[in-house]
Amino acid sequence: MAEVFALNSLAIAPVTSPIQDAVKLSLEYSITATYQSWEWLVKYTVDVAFRRVVLNLLQEKTESSTEGKHAKEFTIPKISTEGIPEKDLLNVGLLSICGIGNGKEVIAINIVSQITKNDKGELFKTLLNPLE
């Protein structure tokens with residue numbers, strides 16, 4: 001089965017920031033088909049032993065998406081960690097960008113995040129670019 005998606009570039013700014021700060025993602029990608037309906041989903045997953053918390057961060061619908069090269073920018077709002085124990089956050093998480101075409105997942109970009117605490121006790125996220 002031929003690939004219908006190729007990620008050509010991904011920029012993350014800033015790479016490291018307080019967990020509550022917004023992040024800008026810029027991507028360039030190619031798809032080999034046209035979709036009559038298109039939707040972007042961005043979510044963050046906190047995954048610890050025996051428990052997974054999925055936070056929906058962004059959902060954006062568009063009319064369609066055509067075959068060819070595209071550029072897309074997202075500004076991801078703060079990751080609301082309310083109700084999630086700090087010990088669970090201080091781990092590896094996953095920021096996922098999904099492109100849904102005609103009701104099926106066409107694009108899946110997974111960005112690993114490392115949450116750490118600085119010397120002032122503030123939580124910081126570092127996003128690891130999968131293309132680097």
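**Figure 1. Asn102 in the loop between β7 and β8.** Asn102 sits in the loop that lies between β7 and β8. The model shown here and in the other views is predicted. Phi of Asn102 is near 55°, which is a positive value in a residue other than glycine. With a relative accessible area of 41%, Asn102 is partly exposed, since partly exposed covers the range between under 20% (buried) and over 50% (exposed).

**Figure 2. The open sheet of six strands.** Six strands make up an open sheet, and their order is β2-β9-β8-β7-β4-β5. The pairing in this sheet is antiparallel. The edge strands are β2, residues 16–18, and β5, residues 51–62, each of which pairs on one side only. From one strand to the next, the twist averages 25°. Strands of a sheet pair through backbone hydrogen bonds, in either a parallel or an antiparallel manner.

**Figure 3. The pairing of β2 with β9.** Three bridges join β2 to strand β9, residues 123–128, and the two pair in the antiparallel sense.

Figure 4. Pro14 has its place in the loop between β1 and β2. The peptide bond that leads from Ala13 to Pro14 is cis, and its omega is near -10°.

**Figure 5. Strand β3 with its partners β1 and β6.** Strand β1 (residues 5–13) pairs with strand β3 (residues 23–31) in the antiparallel sense, over eight bridges. Strand β3 is also joined to strand β6 (residues 68–76), here by nine bridges, and these two strands run antiparallel. Ser26 of β3 can be followed across both pairings: Ala11 stands opposite Ser26, and Ser26 stands opposite Glu73 in β6.

Figure 6. Asn129 lies in the segment after β9. The relative accessible area of Asn129 is 12%, so this residue is buried. A polar atom of the Asn129 side chain lies 2.7 Å from the backbone oxygen of Leu10. A polar atom of the Asn129 side chain also lies 2.9 Å from the backbone nitrogen of Leu131. When neighbours within four places in sequence are left aside, Asn129 is in contact with Leu10, Ala11 and Ile12.

**Figure 7. The largest nonpolar core, seen around Ile97.** The largest nonpolar core has 32 residues, and Leu25, Ile97, Ile107 and Ile111 touch the most other members. At least two residues of this core come from each of β1, β3, β4 (38–48), β5, β6, β7 (92–101), β8 (104–117) and β9. Not counting residues up to four places away in sequence, Ile97 touches Leu25, Leu27, Trp40, Leu41, Val42, Phe74, Ile107, Ala108, Ile109 and Ile111. In soluble globular proteins, nonpolar side chains tend to be buried together.

Figure 8. Five aromatic pairs are present in the structure. In the pair of Phe5 and Tyr29, the ring centres are 6.1 Å apart and the planes stand at 45°, so the pair is tilted. Phe5 belongs to strand β1 and Tyr29 to strand β3, so this pair ties together parts that are 24 residues apart in sequence. Phe5 is buried, with a relative accessible area of 16%, and Tyr29 is buried as well, with a relative accessible area of 4%. The rings of Tyr35 and Trp38 have centres 5.4 Å apart and planes at 50°, so this pair is tilted. Tyr35 and Trp38 are both buried. One aromatic cluster is formed by Phe5, Tyr29, Tyr35, Trp38, Trp40 and Phe74.

**Figure 9. Ser64 and the residues it touches.** Ser64 is found in the loop between β5 and β6. Ser64 has a relative accessible area of 37% and is therefore partly exposed. From C-alpha to C-alpha, Ser64 and Thr34 are 7.5 Å apart in space, while 30 residues separate them in sequence. Leaving out residues up to four places away in sequence, Ser64 touches Tyr35, Gln36, Ser37 and Trp38. Two of these contacts, Tyr35 and Trp38, are the buried residues whose rings form a tilted pair.

Conventions:
Residues numbered from 1 in each chain as written. Predicted model: local features only at pLDDT ≥ 70, side-chain atom pairs only at ≥ 80, totals over all residues. Heavy atoms only, no water. Pairing = 2+ DSSP bridges. Helix = DSSP H or I, 4+ residues; strand = E, 2+ residues; numbered from the N terminus. Axes fitted to C-alpha atoms, helices over the stretch in contact; angles between N-to-C directions. Buried < 20%, exposed > 50% of the residue type's maximum accessible area, 1.4 Å probe, protein only. Polar contact = N/O pair within 3.5 Å; in protein donor to acceptor, adjacent residues only side chain to side chain. Contact = heavy atoms within 4.5 Å. Core = buried A, V, L, I, M, F, W, Y, C linked by side-chain atoms within 4.5 Å. Phe/Tyr/Trp six-rings, centres within 6.5 Å; stacked < 30°, edge-to-face > 60°.
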